Amino acid sequence: MNPSPEDMARALDAHPDYRVLRRLQPRTSFNLASEGLPCARGIVLDTETTGLSSETDRVIELGMLLFEFDPTSGLIYRVLDVFDELEDPGFPIPPANTAIHHITDAMVQGKRIDDAKVARLLKGVSVVIAHNAGFDRPFVEQRWPAFENLLWACSIRDIDWQAEGFGSAKLEYLLQTQGIFYEAHRAETDCWALLELLHHQLPQSQQPALLSLLETLNQPQLKLSALGSPFETKDLLKQRGYRWSGEQRCWSRLLSGEQALEEELSWLKRRVYGNRSAQVELETLGGTIRYSNRQGQKKLVPL
């Protein structure tokens with residue numbers, strides 16, 4: 001009798017020289033909710049677009065999973081609704097983008113995402129989660145302004161994957177470390193992958209990934225801009241996690257919490273400004289603003 005594929009996979013899994021990847025199997029139930037425990041609603045979201053600019057490009061696919069979870073423990077209970085629709089952007093999709101997500105002009109011709117369904121899914125939602133919310137949020141806010149009033153979290157930035165022992169924050173890689181693979185770059189599929197990842201326990205903090213992400217919602221997100229930093233420090237800033245803003249013409253970095261801010265201000269004064277007098281800009285971003293294109297409260301901070 002020939003062994004089944006699963007029998008062979010288990011045999012390889014048991015051998016120290018092999019690791020087995022299993023295809024992602026979307027599931028609608030993760031944990032049973034206990035009576036009397038808190039229950040909240042969240043949305044995992046992903047988009048496919050015609051390009052990278054939320055000002056000139058358009059959403060051509062919106063995927064969302066509405067799910068229930070325990071906001072105290074981070075346990076995911078069940079998926080309540082699944083949404084995935086295409087939309088005609090009104091102009092040809094660039095071939096380079098079609099090569100990534102495989103959405104063609106013929107697939108979206110004459111289609112429009114149902115605004116009423118989107119609004120219905122958003123009712124009573126505590127948090128919207130995207131893997132790279134800084135990309136998805138500006139796109140969906142431009143198309144559906146109701147997203148502006150919701151708390152957002154980013155599963156790339158709001159979990160310290162490096163501190164947890166991972167070499168990358170890419171969704172495909174993170175799931176592969178859990179023994180799972182999937183075909184990426186379609187909105188609904190990426191949503192199922194992200195929800196599965198949020199269900200898993202982090203190796204260092206020993207708590208569900210969702211809980212680590214939710215804990216950041218209570219922390220103010222701070223955008224620190226190194227105004228007038230010397231040109232020769234650009235590589236140092238880049239290595240530190242700063243990104244160049246062509247609009248502001250300076251290097252900026254996102255931080256969480258007052259302790260991280262104090263440490264960063266001290267580092268900037270010593271390593272970037274050479275203990276000379278300088279000013280940096282601090283922008284406070286609440287959960288309804290962070291990862292959007294809208295601005296928070298700004299102030300100048302002397303070093």
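I count a disulfide when two cysteine sulfur atoms lie within 2.5 Å. Before using that, I note that this is a predicted model, where local features need pLDDT of at least 70, side-chain atom pairs count only at pLDDT 80 or more, and totals for chains, interfaces and linings use all residues. Residues are numbered from 1 along each chain as its sequence is written, and side-chain values use heavy atoms, with hydrogens and water left out.

**Cysteines.** By this rule I get 0 disulfides. Next I checked burial (buried is under 20% relative accessible area, exposed over 50%, partly exposed in between; 1.4 Å probe, protein chains only). Cys 154 is buried, at 1% relative accessibility, and Cys 191 is buried at 1% as well.

**Sheet.** I took helices (H or I, at least four residues) and strands (E, at least two) as DSSP runs, numbered from the N terminus; two strands pair if DSSP finds at least two bridges between them. I found an open sheet of 5 strands with mixed pairing, ordered β4-β3-β2-β5-β6. Strand β5 (residues 127–130) runs parallel to β6, joined by 3 bridges. Here I see Val 128 opposite Trp 152 of β6.

**Helix.** What does helix α5 touch? Helix α5 (residues 133–143) packs on the sheet, in contact (heavy atoms within 4.5 Å) with β2 (40–49), β3 (59–69), β5 and β6. I get about 85° between the directions of α5 and β2, with axes fitted to C-alpha atoms, for helices over the stretch in contact, and angles from 0 to 180 degrees between N-to-C directions.
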